[in-house]
Amino acid sequence: MSRKWAKACEAAGITGLQFRDLRAKAATDKAESSGDVRAAQKQMGHSSVVMTKHYTRNRRGAKVTPTR
């Protein structure tokens, strides 16, 4: 799996992204879309909110929508 991920990132021109980063992205997206970190906690299967907060990230800058 690791080699396939590296190959896909290389083909896309992406550097510095690890497969495990997707977990933090999913937690952050769920917490932001629902407005509650507990929804992300349930999705990720954590028993404590503290662990979920460890995964969620503070985004830099404003969230924008696609131009098309």
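These are my notebook entries on a predicted model of a protein.

**Entry: overall fold**
I looked up the secondary structure first. The protein has four helices and zero strands. Along the sequence I read the pattern α-α-α-α.

**Entry: size and shape**
I checked the radius of gyration. A compact globule of 68 residues would come near 11 Å, but this protein has 14 Å. I then took the box along the principal axes. The C-alpha atoms fill roughly 35 × 35 × 20 Å.

**Entry: surface and burial**
I looked up how much is covered. Buried residues make up 16% of the 68 residues. The accessible surface comes to about 6,000 Å². Carbon and sulfur atoms hold 53% of that surface.

**Entry: charges**
I noted 15 positive and 5 negative side chains. The centres of the two sets lie 3 Å apart.

**Entry: contacts along the chain**
I took the contacts between residues at least 6 apart in sequence. Of these, 33% join residues at least 24 apart.

**Entry: helix 1**
Why does helix 1 lie largely in the open? I looked at residues 2-12, and of these 11 residues the number buried is one, so the helix lies largely in the open. Just after helix 1, I found Gly 13 with a positive phi of about 75°.

**Entry: Thr 52**
I found Thr 52 in helix 4, which covers residues 49-55. Is Thr 52 buried or exposed? Its relative accessibility is 0%, and buried means under 20%, so Thr 52 counts as buried. I then listed what Thr 52 touches, leaving out residues up to four places away in sequence: Val 37, Ala 40, Gln 41 and His 46. With His 46 there is also a polar contact, side chain to side chain, at 2.8 Å.

Conventions:
Residues numbered from 1 in each chain as written. Predicted model: local features only at pLDDT ≥ 70, side-chain atom pairs only at ≥ 80, totals over all residues. Heavy atoms only, no water. Buried < 20%, exposed > 50% of the residue type's maximum accessible area, 1.4 Å probe, protein only. Helix = DSSP H or I, 4+ residues; strand = E, 2+ residues; numbered from the N terminus. Polar contact = N/O pair within 3.5 Å; in protein donor to acceptor, adjacent residues only side chain to side chain. Contact = heavy atoms within 4.5 Å. Rg over C-alpha atoms; globule rule 2.2 N^0.38 Å. Areas by Shrake-Rupley, 256 points an atom, 1.4 Å probe, with all protein chains shown as cover. Lys, Arg positive; Asp, Glu negative; His and termini not counted. Charge placed at Lys NZ, Arg CZ, Asp CG, Glu CD.
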